[in-house]
Amino acid sequence: MQFYLDGFRPGDPEIRPAAPTADREPAEVASSTPGHHPVNSAETVDVLIVGTGPAGTVLAAQLAEFPDITTRVVERRGGPLELGHADGVACRTVEMFDAFGLADRLIREAYWVNETTFWGPDPSDSSHIVRTGRIDDVEEGLSEYPHVIVNQARMQDFLLDRMAKSSSRLVPDYGLEVTSLELDDSSDHPVTVTVAPARTDDTVGTGNADDTDAAQSTTIRAKYVIGCDGARSAVRRSLGIEMNGDAKNHAWGVMDVFAVTDFPDVRLKSAIQSATGGSVLLIPREGGYMVRLYVDLGDLDPTDRAARTRFTSDEIIAAAQRIFHPYSLEVKENAWWSVYEVGQRIADRFDDVTEADRGTRSPRVFIAGDACHTHSAKAGQGMNVSMQDAFNLGWKLGSVLRGLSPESLLDTYAQERQAIAQELIDFDLKWSEAMAARPADPNDPEAGGMSAQERQEIFTAGGRFTAGFATDYPPNMITGHDRNEHLAAGFPVGERFHSAPVIRLADAKPVELGHEAKADGRWRLYAFADRSDPQSADSPIARLCSFLDEARDSPIRRHTAGTDPDAVFDVRAVFQQGHRDLALETMPAFLLPRKGRLGLIDYEKMFCADLAAEADIFTRRDISRERGALVIVRPDQYVAHVLPLNAHAELSDFFAGNMNLMTP
């Protein structure tokens, strides 16, 4: 962690100095004092975020990094979420949390999902269940972070704390709901949103003062609005966007319980399939004692719309007890329970631009998370994909609003995320059907059903998806071609940048290279050197540094305004030599930039291969040792391009296609 750039200041370094534009109380107060902060009448903002669910809090945390952007967040609830329903945190999401400086807090508190077991009917007595398989939950080497379980409310607490400690001092406005949204393209702030104090069931029609409060409304005029307000999104409805898909008329109960049981895998993620009583997906929870159970409750009558609402918690417990037979399950306390109907739905578009207008203007209103895709909870992807929606959109809004990129950059949000949402829907349908399938009878192969082995194979095949690594963005204005991908085959273009250990040259500290990238909206240029001596002025890495530093068509000179050389691009170099084989003072000066008001030197730009490791980063990520490679990474941690070190013109052309020319 780097701080003290502009001189010493006492206190917690995570509480950054408030920007002049910050208009809320100090972070240490805001982060611990939830409450309602009234929106001013006819307030004008750059961005309005509606909802503080997973998507809303990630988006707000990203935009809070830009104090020159005026952001407001409104939430219908009266305060932060206290009991979250989502709990599965994919490895990819933990990587994203690392960019916000929150991964350590997350994994310290979480339950780690290390292995998954599978249970099915005992061939010798089908009324009993037996373990049929046990596998690693995440493929070896897929990420340096584990798959974890932690309450959604805690994850949002971490993000809210990050927002409040930012220079923006961003705090949500609680107790407000959207009542209308209108667009006027002729205005600089074309989206007008009306908000009012949120009405609750116990204040409607009572004739008391709350009715008067509910009728009072204010307006917010915004350049951009993002609806992160859930499956019943008011923003989505205001745009007339339809949700397409079907309910499966199949009910599942879910409950977080404190139970006493002799089931041996109660602290392992377990998929349990009984012969006659349905299925259970068991997920141990953080804290060491609580466990979540997804319990198959069977088919519903499609003509009885209220059937789901008549289930009781006792019925869910009884169904679970039948499935666990011959093991006992005594529920001591039920912390939370619900019943949901399996279904998969996706919005027909993710922004306010209709297909007829696509390409004629850029969007002003977006929807993210459950507002645009809903599905079952058993695949553990809802919260994760929602957060990735927001991470994809947040840096793009920041880039456009700060003048770094054209508005057309915002078109890529729907292009990229709608396809991912459809993949989620397709996977969830397959996994939900596998969980609900009747077990195959080995004595009657004609009877159909699914064997325990088939179910385990479906789970294994979906491992990359459930870990969050199935995303592969196609070529567009911010993702290039893959013609040079062979130079760094371990960094496929369009996929997330896969971190690996390196040694920092200046202080010999072992670090994960990917952990050096923060959620600050900057592009990353990782220059992996060839075998030649980087201390030589004729080496490819030295020539690249000279180009970036001095050439008129250098993307850094073209697209960076002001005196901070790192404001837009974060350039890092990785050498094949050991850290004791290179002299810091002989390295390219470009990699020792002077920064801040004091002109201090940044010593954290250069890294070396870990020669003591069994496999260094060049081997792990299959990087050409003869030619090296330049790996360009988007601000949301996805590989945008792989180029030869000497492809200076192609590097310039790539950024000319997605960034504005800055005035010197």
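Predicted model: local features only at pLDDT ≥ 70, side-chain atom pairs only at ≥ 80, totals over all residues.
**View 1. Helices H13 and H16 pack against each other.**
H13 covers residues 540-550, and H16 covers residues 648-656. Two packed helices are described by the angle between their axes and the distance between the axes. For H13 and H16, the angle is about 40° and the axes are 11 Å apart. That angle makes H13 oblique to H16. H13 passes H16 in a right-handed crossing. From H13, the residues in the contact are Arg-543, Leu-544, Phe-547 and Leu-548. They meet His-648, Leu-651 and Ser-652 of H16. By type, the residues of this contact are four nonpolar, two polar and one charged.

**View 2. Helices H10 and H11 cross.**
H10 spans residues 411-436, and H11 spans residues 452-461. Their axes come within 10 Å and cross at roughly 155°. Angles over 145 degrees count as roughly antiparallel. H10 and H11 are therefore roughly antiparallel to each other. Their crossing is left-handed. Look for Lys-430, Trp-431, Ala-434 and Met-435 in H10. Across from them in the contact are Arg-455, Ile-458 and Phe-459 in H11. The residues of this contact divide into five nonpolar, no polar and two charged.

**View 3. Helix H9 runs from residue 382 to residue 401.**
H9 has 20 residues. From its first C-alpha to its last, H9 reaches 29 Å. That is close to the 28 Å expected at 1.5 Å a residue. Of the 20 residues, 19 are buried, so H9 is largely enclosed by the rest of the structure. Gly-403 follows the helix. The phi of Gly-403 is positive, near 80°.

**View 4. Gln-344 sits in strand E16.**
The strand covers residues 329-347. Is Gln-344 buried or exposed? Its relative accessibility is 5%, and buried means under 20%, so Gln-344 counts as buried.

Technical notes: Residues numbered from 1 in each chain as written. Heavy atoms only, no water. Axes fitted to C-alpha atoms, helices over the stretch in contact; angles between N-to-C directions. Helix = DSSP H or I, 4+ residues; strand = E, 2+ residues; numbered from the N terminus. Parallel < 35°, antiparallel > 145°, perpendicular 65-115°, else oblique. Left-handed = near helix turned anticlockwise from the far one by under 90°. Contact = heavy atoms within 4.5 Å. Nonpolar A, V, L, I, M, F, W, Y, C, P; charged D, E, K, R; others polar. Expected span 1.5 Å × (residues − 1). Buried < 20%, exposed > 50% of the residue type's maximum accessible area, 1.4 Å probe, protein only.
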